[in-house]
Amino acid sequence: QVQLVESGGGWVQAGGSLRLSCAASGGTFSRYVMGWFRQAPGEEREFVAAISWGGTTTHYSGSVKGRFTISRNNAENTVSLRMNSLKPEDTAVYYCAAETNPTRNRPTAPTGEYDDWGQGTQVTVSS
């Protein structure tokens, strides 16, 4: 089992930027597809971005593409989410997740394909 701890959330005005980080421990981080998800109050958890083992392939939801950038550092067992041009509708708890299937190296969106989750970090964007 992978332990995941998110950090970097906070409050920002619309148009601002934040950078979230997720530190992983346990297992072989470099062989996990990593994803970021978010959940707003009263809403279902939704996909934000995912990245392949080596970081060469990424996948984004349509609502964040062009504004958010996912990256990873396998030497430090971390995955980050750079969020620019933030909007009030980006307000949510953000979670990182690990997909640990050792035979699958494809950034994927469905929450059910991820095995381990962090506790989340709150991002609030004011208008």
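## Burial of D90

D90 is buried, with a relative accessible area of 1% (buried means under 20% relative accessible area, exposed over 50%, and partly exposed in between, using a 1.4 Å probe and protein chains only). R67 is buried as well. R38 is also buried, at a relative accessible area of 6%.

## Basis of the model

This is a predicted model, in which local features need pLDDT of at least 70 and side-chain atom pairs count only at pLDDT 80 or more, while totals for chains, interfaces and linings use all residues. Residues are numbered from 1 along each chain as its sequence is written, and side-chain values use heavy atoms, with hydrogens and water left out.

## Salt bridges of D90

The whole structure contains 5 salt bridges (a side-chain nitrogen of Lys or Arg within 4 Å of a carboxyl oxygen of Asp or Glu). One of them joins the side chains of R38 and D90, at 2.9 Å from N to O. R38 belongs to strand β4 (residues 33-39) and D90 to the loop between β8 (78-83) and β9 (92-99), so this pair ties together parts 52 residues apart in sequence. Strands (E, at least two residues) and helices (H or I, at least four) are DSSP runs numbered from the N terminus.

D90 also meets R67 in a salt bridge of 2.8 Å, N to O. R67 sits in the loop between β6 (58-60) and β7 (68-73), 23 residues from D90.

R104 and E113 form a salt bridge with their closest N and O atoms 3.9 Å apart. R104 is partly exposed at 26% relative accessibility, and E113 is partly exposed at 23%. Through shared partners, salt bridges join R38, E46, R67 and D90 into one network.
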